[in-house]
Amino acid sequence: SGTTLVEQIVSSHSKVTGAGELNYVGKFGAKYATGSTEVNSEALLGFGSHYLGAIEKLANGRSIVTDKMPHNFQYIGLIFSVFPNAKVIHVNRDPAATCWSNYKHYFTNKGLGHSYDLDDVVTYFGLYKDLMQFWQGHYGGRIFDLNYDNLTINQEDETRKLIQHLGLEWEDKCLSPQSNKRSVRTASQQQVRQKVYQGSSQQWRKFEPYLNQAFNQLTECD
């Protein structure tokens, strides 16, 4: 979806540590977000304490840590309630490109079973879009929408907007994410070692004749 590239850009900044995909929000907070456990001030403080304690070990002494777990979109209400200073970056990409990227990779992580079936991927994408519209209706300007394809076309302009939104001073290193030497453990680890390039969102079209029109309904989600 482009989240790995965006984390590489942000974590190229000297004040930021890129921590990758962390399961801590879901691990410590899902029971509150889903209503299976009573939510009160003590519970929220406990969630915040557990989360901060976990990421502090990954911060490498820097004041800002990125958590690029895509499933965090489910918990934006919880995140803003507990961490009022949190910055949420919502990476938007062509729906078909996103669904194809999920489908073509073999994920062994829990919670990604929908990626094994084209129809399930499309259904999940629709649910994600609905929920994001709900969060944006509530939190508006606190969620920074970053279009992945615009980023690849106008890299410097979009990167400067992103860094400004995060309240950071500009550093030229943010324009060379391929030079960021931090370890990347997601499926995009090879792509992010290259310079930012255009056209990746159209690669799925090479396989379009074999998809049985599975992505046709995505126009309703876009």
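How many helices and strands are there in the chain? You will find 9 helices and 4 strands, where helices (H or I, at least four residues) and strands (E, at least two) are DSSP runs, numbered from the N terminus.

Before you start clicking, please keep in mind that this is a predicted model, in which local features need pLDDT of at least 70 and side-chain atom pairs count only at pLDDT 80 or more, while totals for chains, interfaces and linings use all residues. Residues are numbered from 1 along each chain as its sequence is written, and side-chain values use heavy atoms, with hydrogens and water left out.

**Stop 1: the whole chain**

Colour the chain by secondary structure and read along the sequence: the pattern is α-β-α-α-β-α-β-α-α-β-α-α-α. Of the 222 residues, 45% are buried; buried means under 20% relative accessible area, exposed over 50%, and partly exposed in between (1.4 Å probe, protein chains only).

**Stop 2: helices H2 and H3**

Select residues 24-33 for H2 and 41-56 for H3. Two packed helices are described by the angle between their axes and the distance between the axes. Here the angle is about 175° and the axes are 9 Å apart. Axes are lines fitted to C-alpha atoms, for helices over the stretch in contact, and angles run from 0 to 180 degrees between N-to-C directions. H2 and H3 are therefore roughly antiparallel to each other (under 35 degrees counts as roughly parallel, over 145 as roughly antiparallel, 65 to 115 as roughly perpendicular and the rest as oblique).

Show side chains at this contact: H2 brings Tyr24, Val25, Phe28, Gly29 and Tyr32, and H3 brings Ala43, Phe47, His50, Tyr51, Ala54 and Ile55. These residues divide into 9 nonpolar, 2 polar and no charged. In this scheme Ala, Val, Leu, Ile, Met, Phe, Trp, Tyr, Cys and Pro count as nonpolar, Asp, Glu, Lys and Arg as charged, and the others, Gly among them, as polar.

The buried residues of H2 are Tyr24, Val25, Phe28, Gly29, Ala30 and Tyr32, and they pack against H3 and helix H4 (76-82). Step past the end of H2 to Gly35, whose phi is positive, near 80°.

**Stop 3: strand E3**

Next, select residues 88-92. Because 4 of the 5 residues of E3 are buried, this strand is largely enclosed by the rest of the structure. E3 runs parallel to strand E4 (residues 143-147), and 5 bridges join them; two strands pair if DSSP finds at least two bridges between them. Look for Val91, which stands opposite Leu146 in E4.

**Stop 4: Thr159**

Where does Thr159 lie? Helix H8 (residues 155-165) holds Thr159, which is buried at a relative accessible area of 1%. Not counting residues up to four places away in sequence, Thr159 touches Ile9, Leu151, Trp170, Cys174 and Leu175. Click on Cys174 while you are there: its relative accessibility is 0%, so Cys174 counts as buried.

**Stop 5: Trp204**

Finish in the loop between H8 and helix H9 (218-221), where Trp204 has its place. Is Trp204 buried or exposed? Trp204 counts as buried, at 7% relative accessibility. Leaving aside neighbours within four places in sequence, Trp204 is in contact with Asp94, Ala96, Ala97, Trp100, Leu211 and Phe215. Draw a distance from Trp204 to Trp100: these residues are 104 apart along the chain, yet their C-alpha atoms are separated by 6.2 Å.

Notes
Contact means heavy atoms within 4.5 Å.
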